[in-house]
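Let's take a walk through this model together, one chain at a time. Have a look at the structure below, and then read on.

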Amino acid sequence: MSSRDEILARVRQKQPEPRPLPSVPMFDVGLSTSFDTFKTNLSRMGGKVVDPPADGDLDALILKLFPDVRVVCSATPEVKGNLSIDTIRSPQELNDVDVGVVRALFGVAETGSLWLSEAQYKVNALGFLSQHLVVLLDPGAIVANMHRAYQHRGFVEAKYAVFMTGPSATADIEGILIHGAQGIRTMTVIPVSAQ
Amino acid sequence: MKVALFVPCYIDAFFPEVGIATLELLERLGCEVIYPLDQTCCGQPMANSGCHEDAAATERLFVKNFAGFDYIVGPSGSCVHHVRENLTAIPQTAEVTKVRERTYELVEFLHDIVKVTEFPWAAFPHKVGLHNACVTLRALRTAKMSEIDEPAFSKPLDLLSRVRGIQFVTPDRPDECCGFGGAFSVFEEPVSAKMGYDKVTDHHNAGAEYVVSADTSCLMHQKACAERLKLPIKFIHIAQILNGARA
Amino acid sequence: MKRIDHAEASSKFIKAQDHLDFHDQRLWDLRKKRDRDSESIPEWQELRSLASAIKEHTLTHLADFLEEFERNAQANGVKVHWAKDASEHNQIVLQILESRRARTLVKAKSMLTDECEMRPFLENRGIEVIETDLGERIQQLDDEPPSHIVVPAVHKLRTDVSRVFAATIGTDAKNSDVHYLAESQRQHTRPYFLKADAGMIGANFAVAETGTVVVCTNEGNADLSMLLPKLQIASIGIEKMIPRVEHLAVFIRMLSRNALGSPITQLTSHFRVPREGTEMHIVLVDNGRSERLGMADFWYSLKCIRCGACMNTCPVYRRSGGLSYGATYSGPIGVIIDPTFNLRKYSALPFASTLNGSCTSVCPVRINIHEQIYKWRQVIAERHQLPFVKKEAMQIAGKVFGSPKLYRAAVEALGASVEHLPRFMLYNPLNAWGRQREVPPAPASTFRHWYLKNRTKSGQRK
């Protein structure tokens, strides 16, 4: 008998009397889907929000926000950068990226989270090897809470999906909050409508 | 109202003044109080050590002593909790079930059953820290616990606030366990003592002259800690204050 | 197998005043943050009930959900393995690594891999294993197990971390600035992520509906472990199953709020299909969980989502530290799980509790922790594994309290001198009591004496 069969047989034998599955409400009555609510909660998690450039030149804005950078790699055609994500053959090549740029598919007001998958990142590691991440978000593409968010079909379609909420962080040493643990040091969200 | 008085073993042996205050208080409130003379203990010391079956004879004796009374009242939340929730080493006859259901902790009895609105004979002009024993708080639900966001309520506070001159101070961690825990106080002595030290220091720093509780077990442990620390803080049972003790 | 002496270990912990104060304050702070979050969500209690009910449904249908999960994971191109116990888990992981000649493994935090003692097993067979979570890395470099399931090095001060890093990764021994130390670990670990042959994660949740593995982290190390190496492994305890994607909302909303008082972890990652040209393996692990499922009083512990809230609130844990429990799982949840791994070794743990019930009141999945602690004491007594009191002493106590005459005789004897307790108490508890506390004096008279003097048998004043 394989371990699989042994385990399943024992689980079947030991399972207690069935308990019913509850139905889960959406809990979103009266909840806001505004960018302001999203911004407040993102800020609480250490993320920054920057106004979109009046002239629409995102590349210039990024260079202004990060004056000393060498490598800007964008996964969205809205920003050119100087390293094309399409040239990346293996994720390790992204190690030198100072600023990664991506457009999130949607945001979650409750937590200030952004939803991204390989469709947005092209190479997922962009969201983790970059020192800094700039995320474009359509301010109209915000759902109220996690219950709404988990209705999204991306969870059955995407190979990899992530809620990113602010920069990477840790408080493992004496509870002191550090931004930039293993992943991105900063996250900057720019509200820009999707085309 | 006819009430059977349940005096826990350690109160009988070490803190008779708490039993006396409880009896006198119930009498003042117009209760006819009977003290079954053959009572000993509720069975908790054996049961809490895992020795479930060894509690059987004691539990049987408890039921024998208290059968037939409408109200059984005891000045100890942990003992009453044991009777109501864990008196299970004996067959659950109708008589056993009745005794278990009718056993009340003093504060809940005064608040919920007698519904006392005043204690005209009582005055306690001191700064007081209220300590709710964990079982009394979380299992008997005599007050809001900090873990649950619910409307504030406190049966002991309701009763004590009717005592002339009493002033309340609030420690930093009002419902953190004080570390008595029965046999824990002995077998896990280092943590138990540290918890007790922290608790009495907290009350002291909040300005308490007295710590009052509905549970003598906690008071005994805290008093022992405070005395070792030489903290000028005193300990008193709620029955004593409500019965008119001035100090 | 030697019994873990929690009291002895706690005594050492308490003597280190600075460490104790920090540890207690830091975790109480997390408890307060959790309280604040619970107050901000009107449906908090309902979420607890839903989380509990979803887990109970899943566990009572676990075999079906495991099969559904396996089917969907395999359809996603993931290889699924099954491990009966810790040893088989380690063997499987080794085989996976050797099949691709993997020599370096970067891993995210996984209590399950600690439970299986995987790291020494692999290291003894030539695999370099790098813990990438900062807290776990500190502990790995200090050759100490993690002390808390969420903040593994919470018992250490910055000076301790500085000492460990200086001795192992070459930081400046005189520099204990926290930012410096964290940055040093980031820089030191990055090359390992880039060159690792394989990456490994645990799982917070496994979704049967889609075969998805869900990991909640703050540091980004789980994603780096999975998104860079070509070979990926996820070790998952069978109790981590949940039925559908929609159920994740309940647990994700509750996990970080209970653990750290933040609405969500910085990263909530869902791994379903391996990247093209890469390979992903899942190892489903039993290691006593199916056995526990059949324990009528204790199977509820399988609902645990590893938030650590019970540890943060536990006044005993805060003052003794996770290492004093001598097990992968410490604090209240550890107390009710560990005896299933080894009853004798962990027989003292259910007595390292005051049964205050705070843990039960904070648990997001409504595990009745303190009630299970109480029941474990019965199991331990029945199997003659009582760590302190002799069973015979309890039998005698039971007889004394069960007889009015014997009880009265014992109380009279107490009156003589409270220091000399009846002989049946083979261990004089007052020796321990009196170490740090004053001993209560025996009063002149018992309540019963007073009553007989002042009242008639029918309760009339005399």
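Of the 462 residues of chain C, 57% count as buried; a residue is buried if 20 or more other C-beta atoms lie within 10 Å of its own, exposed if 12 or fewer, and partly exposed in between, with C-beta atoms placed from the backbone. Please keep in mind that this is a predicted model, in which local features need pLDDT of at least 70, side-chain atom pairs count only at pLDDT 80 or more, and totals for chains, interfaces and linings use all residues. Residues are numbered from 1 along each chain as its sequence is written, while chains are lettered from A and ligands numbered from 1 in the order in which they are written.

Chain C has 22 helices and 10 strands. Helices (H or I, at least four residues) and strands (E, at least two) are DSSP runs, numbered from the N terminus. Two residues are in contact if their C-beta atoms, placed from the backbone, lie within 7 Å. Among the contacts in chain C with a separation of 6 or more, 73% are between residues 24 or more positions apart.

| Chain | Residues buried | C-alpha span along principal axes |
|---|---|---|
| Chain B | 59% of 247 residues | roughly 50 × 45 × 35 Å |
| Chain C | 57% of 462 residues | about 95 × 55 × 45 Å |

**The sheet shared by chains A and C**

Two pairs of chains are in contact, and of these, chains A and C share the most contacts. An open sheet of eight strands runs in the order S8(A)-S5(A)-S6(A)-S9(A)-S9(C)-S6(C)-S5(C)-S8(C), with mixed pairing. Two strands pair if DSSP finds at least two bridges between them. At the edges sit strand S8 (142-143) of chain A and strand S8 (241-242) of chain C, each pairing on one side only.

Where do the two chains join in this sheet? Strand S9 (residues 160-164) of chain A runs antiparallel to S9(C), and five bridges join them. Phe163(A) has Thr268(C) as its bridge partner in S9(C). Thr268(C) is also the bridge partner of Cys216(C), and S6(C) pairs with S9(C) in the antiparallel sense over five bridges.

Strand S9 (residues 267-271) of chain C is mostly covered, with five of its five residues buried. Leu267(C), Ser269(C) and Phe271(C) are on one side and Thr268(C) and His270(C) on the other. Further along, strand S5 (residues 205-207) and strand S6 (residues 212-217) of chain C run antiparallel, joined by three bridges. In that pair, Ala206(C) stands opposite Val213(C).

**Chain B**

Chain B has 13 helices and eight strands. Its radius of gyration, taken over C-alpha atoms, is 17 Å, close to the 18 Å of the globule rule (2.2 Å times the number of residues to the power 0.38) for 247 residues, so chain B is as compact as a globular protein of that length. No contact joins chain A and chain B, and their closest C-alpha atoms lie 18 Å apart.

Four strands of chain B form an open sheet in the order S2-S1-S3-S4, with parallel pairing. Its edge strands are S2 (32-34) and S4 (103-105). Strand S3 (residues 71-74) of chain B pairs with S4(B) over three bridges, and Gly74(B) has Glu105(B) as its bridge partner.
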